[in-house]
Amino acid sequence: MTTVLLAEDDPAISEPLARALQREGYTVLVRDDGQGALTAALSGDVALVVLDLGLPDMDGLEVCRRLRAGRSSVPVLVLTARTDEIDLVVGLDAGADDYVAKPFRLAELLARVRALLRRRTGDVLEASGVRMELASRRVWHDDVEVHLSNKEYELLRVLLEEAGAVVTRARIMREVWDDAEGGASKTLDMHVSWLRRKLGDDPQRSRLLTTVRGVGFRFERG
Ligand code: CA
């Protein structure tokens with residue numbers, strides 16, 4: 001299990017965020033103060049820290065500095081409403097890896113969490129001759145690079161992560177478009193169609209991306 005440490009003193013943020021991270025399959029540790037967060041992060045069992053800058057006892061920047069001073073290389077994603085400090089946060093000074101400005105979109109934050117965890121592991125997703133390198137966000141089909149828009153990339157990523165299984169329309173809408181309703185969407189069908197074209201897949205005789213009527217889509221695990 002991948003453990004995410006959430007250091008946030010505002011329960012109106014930490015509670016729904018912890019639930020969302022758990023739904024993504026992470027084990028979540030919540031700390032509402034800087035010292036507690038630092039101790040938990042240095043324990044070594046934490047794969048990623050989501051760190052609020054405005055903590056009651058110790059500033060998040062200080063938590064981050066002490067983590068790095070303690071030779072921890074755990075990825076740190078900063079939450080901040082203080083956008084004027086972002087340069088400081090992600091610069092060499094504090095040693096954070098990325099930030100999300102408050103108020104944030106849940107889907108965006110979850111995407112940053114996944115990206116940071118992947119950068120760490122250097123993951124590659126691959127199925128049916130399609131290869132996605134997550135650290136560089138590059139995609140190849142039969143060794144030819146395919147250039148995708150951001151949404152096409154995210155759509156393909158969700159499908160490749162579950163290659164061989166059906167991914168429901170609702171889940172795609174939630175993960176790629178941050179649409180909790182998961183309503184019927186022409187946008188999704190359009191992006192599927194663009195993605196098929198870029199991958200050279202014939203919708204009538206699909207070999208890669210199969211439509212499962214009334215449910216969703218399946219990327220074939222060839
Ligand atoms: Ca706070």
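Modeller: What follows is a talk about a predicted model.

Biologist: Start with the metal. Which protein atoms are the donors of the calcium ion?

Modeller: Three residues supply them: Asp9 (OD), Asp52 (OD) and Gly54 (O), lying 2.2 to 2.4 Å from the ion.

Biologist: How are the donor residues spaced in sequence?

Modeller: The spacing reads D-x42-D-x1-G.

Biologist: Aspartate 52, buried or exposed?

Modeller: Aspartate 52 is buried, because its relative accessible area is 5% and the cut-off for buried is under 20%. Glycine 54 counts as partly exposed, at 35% relative accessibility.

Biologist: What about charge on the surface? Which residues gather in the negative patch?

Modeller: Asp9, Asp10, Asp32 and Asp57 make up that patch of negative charge. Asp9 is also one of the calcium donors.

Biologist: Where does aspartate 57 lie?

Modeller: In the loop between β3 (48-52) and α3 (60-69). Aspartate 57 is partly exposed, with a relative accessible area of 44%.

Biologist: And aspartate 32, how far is its C-alpha from that of proline 11?

Modeller: The two C-alpha atoms are separated by 8.5 Å, while the residues are 21 apart along the chain. Proline 11 belongs to helix α1, residues 11-23, and is partly exposed at a relative accessible area of 41%.

Biologist: Change of topic. How many salt bridges does a search of the whole structure find?

Modeller: The search finds 18. As background, side chains of opposite charge can pair when their charged atoms come close.

Biologist: Give me one inside a helix. What does arginine 112 form a salt bridge with?

Modeller: Its partner is glutamate 108, and the closest N and O atoms are 2.7 Å apart. Both residues sit in helix α5 (residues 106-121), and because they are four residues apart there, about one helical turn separates them.

Biologist: Now one between separate parts of the chain.

Modeller: Take glutamate 154 and arginine 137, whose side chains meet in a salt bridge at 3.1 Å, N to O. Glutamate 154 is in helix α6 (residues 150-161) and arginine 137 in the loop between β7 (130-133) and β8 (138-141), so the pair ties together parts that are 17 residues apart in sequence.

Biologist: Is glutamate 154 buried or exposed, then?

Modeller: Glutamate 154 counts as buried, at 13% relative accessibility. Arginine 137 counts as partly exposed, at 41%.

Biologist: How far apart are the closest N and O atoms of arginine 171 and glutamate 175?

Modeller: They are 2.9 Å apart, and the two residues form a salt bridge. Arginine 171 and glutamate 175 are in helix α7 (residues 169-177), separated by about one helical turn because they are four residues apart.

Biologist: What are the accessible areas for that pair?

Modeller: Arginine 171 is partly exposed, with a relative accessible area of 21%. Glutamate 175 is buried, with a relative accessible area of 12%.

Key:
Residues are numbered from 1 along each chain as its sequence is written. This is a predicted model: local features need pLDDT of at least 70, side-chain atom pairs count only at pLDDT 80 or more; totals for chains, interfaces and linings use all residues. Side-chain values use heavy atoms; hydrogens and water are left out. Helices (H or I, at least four residues) and strands (E, at least two) are DSSP runs, numbered from the N terminus. Buried means under 20% relative accessible area, exposed over 50%, partly exposed in between (1.4 Å probe, protein chains only). Patches are made of residues with over 30% relative accessible area and no salt bridge: like charges are joined within 9 Å, nonpolar side chains (Val, Leu, Ile, Met, Phe, Trp, Tyr) within 5 Å. Accessible areas come from the Shrake-Rupley method with a 1.4 Å probe; for residues, only the protein chains shown count as cover. A salt bridge is a side-chain nitrogen of Lys or Arg within 4 Å of a carboxyl oxygen of Asp or Glu. Lys and Arg count as positive and Asp and Glu as negative; His and the chain ends are not counted. The place of a charge is taken as NZ of Lys, CZ of Arg, CG of Asp or CD of Glu. Donors are N, O and S atoms within 2.8 Å of the metal (3.2 Å for Na, K and Ca); water is not among the atoms, so sites may look incomplete.
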